[in-house]
Amino acid sequence: MALFGMKKTMMVEPADALPGREFEMPVPEFHFVNGNPLKPPFPHGMGQIMVGMGCFWGAERVFWQAPGVFTTAVGYAAGFTPNPSYQEVCSGLTGHNEVVLAVFDPEATSYEQMLALFWENHDPTQGMRQGNDVGTQYRSGIYYFDDDQKVAAEASRDMFGARLRDAGYGEITTEIIAAPPFYYAEDYHQQYLAKVPNGYCGLGGTGVTCPVGLVTD
């Protein structure tokens, strides 16, 4: 994932972003691992979570392996360029983050448990990087779909932040904003580590346990 030279760590200005294109990226109809649809419409009652936590190859695997997850996809979000390509995102000139969209069954899991996976599987204190992957596309982010998700995301940040400070880490840099448009990434990125089991995965957590999701209603 770090084969495109130095990544920019400063967000591009909207006026300087690449123009992109009108057409969507073609992707497979079904998930490579579980065979469920990759794109909506999804079954009634399903929940969704969109997060950025570094290289989206490893991040997606975390979610498709989790109980209660119906489908996952990787893509680009929170930037300025419509329907960007991977190469464009890597240039730092689109403003996008590499993100995972996970669709889950709230009868089998919860948004809070999805958040726990997010916090525990990366270091949210690193700013515009994750490990050796440096650039705005690797920033930590939670993109909420409604007010309940916003409240849950902010509460989880505060709880996990306290635990990180106790463990000697700095402040959380995760952006928490309303879900922007999600642009599907190219076919070969979808479920990449299932297709290439020994492929690159730069994902690494802090070893700190997230208290989110431990209490049920």
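Student: Which residues form one aromatic cluster with F56?

Tutor: Rings of Phe, Tyr and Trp (its six-membered ring) pair if their centres lie within 6.5 Å, and planes under 30 degrees apart count as stacked, over 60 as edge-to-face and the rest as tilted. Here F56 forms one aromatic cluster with Y76 and Y86. Keep in mind that this is a predicted model, in which local features need pLDDT of at least 70, side-chain atom pairs count only at pLDDT 80 or more, and totals for chains, interfaces and linings use all residues. Residues are numbered from 1 along each chain as its sequence is written, and side-chain values use heavy atoms, with hydrogens and water left out.

Student: How many aromatic pairs are there by this rule?

Tutor: The count comes to seven aromatic pairs. In one of them, the ring centres of F42 and F70 are 6.5 Å apart and the planes lie at 75°, so the pair is edge-to-face.

Student: Is F42 buried or exposed?

Tutor: Buried means under 20% relative accessible area, exposed over 50%, and partly exposed in between (1.4 Å probe, protein chains only). F42 counts as buried because its relative accessibility is 17%, and F70 is buried with a relative accessible area of 15%.

Student: What lies over the face of Y184?

Tutor: A charge sits over a ring if NZ of Lys or CZ of Arg is within 6 Å of the ring centre and within 35 degrees of the ring normal. K39 lies over the face of Y184, at 5.2 Å from the ring centre, while the charged end of K195 sits over the ring of F32, 5.9 Å from its centre.
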